[in-house]
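The following exercises concern side-chain contacts in a protein model. Work through each task before reading its solution.

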Amino acid sequence: MVGGDDDDEFSGIEPMDIETRRPRGGTGFHRWRGKINLTCIAASGICVVLVFMAASLLRRSVSDAEESRLAIILERQRLLIGTTGDYLPFSGYDTDGGRTGIDIDLSKDLALSLNAAPVFVDTTWASVVDDLNQDKFDLAVGGISVTLERWQRCYFTKAYFKSGKVAIAKCPAKLTLEEIVANNVTIGVNKGGTNEDFADQNFLPAFVSKFERNGEQFSALELGSIQAVLTDSDEAQYYASRDPELCIGTRLTNSTKGFLLPQDDTLKQYVDAWLEEKLETGYVSQVIQKYLP
């Protein structure tokens, strides 16, 4: 009943304090307190939790307490960018030792949009997800393939490049999956990424050579210690454009590439908005054309 003397039937109890801990900006934790009001219906002895009010209060408390990664970057005025530096045309070094590649150019433009200085941090294919989640950098770039396994622990931007696994070898070569398996072709892959995963799933271990650093397998191919390299079509295209004796096989898989992000909604929304603008203006295509003419 509502209004008048019948309001006596409702008796309140003191607000109940609750305390919990929530991640703050991906670095440590921040303690916050919220209050949930419980109203007791005396006539029935049933206590009703005002769920919607409480949920709104808790969400507001968490929102106030957490500092998004985007806010941290803006305050710091530096964008920490993780990259392996060994995967051209996306991330590598020029002859002067400077960073170069598609994702290097793109991430520099992203930093500019944030009025932040780009700071590149070394990582490896095996550790990039762990390094990101340990806050060693704000995002990771460098031709990173979008996979469900990575999605389980991180976010990706929207895709900006289509790719897929191929084999590359000295011409002439038969490089379909069936031909590679049937002819016991020795395949080289870098450790720690999707190339190694594909090789483990499709080839006998005796015919797979694994290399600690991406790029070493192409040196082995040149020396003749392996017969082919398994990689993504973009890297194969990059090497084949510089060596007319190399031939690329048929595409074995299809995949896409994106920037790897922490599980921070605000940062993802911003980077996706920036990327959408750069795709629409043709800037992304211009950068790709620069490295993959």
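**Exercise 1.** Determine the handedness of the disulfide formed by Cys171 and Cys247.

*Solution.* The torsion about the S-S bond of Cys171 and Cys247 is about 110°, so this disulfide is right-handed. The model is a predicted one, in which local features need pLDDT of at least 70 and side-chain atom pairs pLDDT 80 or more, while totals for chains, interfaces and linings use all residues. Residues are numbered from 1 along each chain as its sequence is written, and side-chain values use heavy atoms, with hydrogens and water left out.

Next, apply the distance criterion: a disulfide is a pair of cysteine sulfur atoms within 2.5 Å. The sulfur atoms of Cys171 and Cys247 are 1.7 Å apart, and the structure holds 1 disulfide.

**Exercise 2.** Classify the aromatic pair of Tyr87 and Trp125, and locate both residues in the chain.

*Solution.* Rings of Phe, Tyr and Trp (its six-membered ring) pair if their centres lie within 6.5 Å; planes under 30 degrees apart are stacked, over 60 edge-to-face, and the rest tilted. By this rule there are 10 aromatic pairs. For Tyr87 and Trp125, the centres are 5.6 Å apart and the planes make an angle of 80°, which is edge-to-face.

Now place the residues, taking helices (H or I, at least four residues) and strands (E, at least two) as DSSP runs numbered from the N terminus. Tyr87 lies in the loop between β6 (78-83) and β7 (92-93), and Trp125 in the loop between β9 (117-122) and α4 (128-133), so the pair ties together parts 38 residues apart in sequence.

Finally, ring pairs link Tyr87, Phe90, Trp125 and Phe161 into a cluster.
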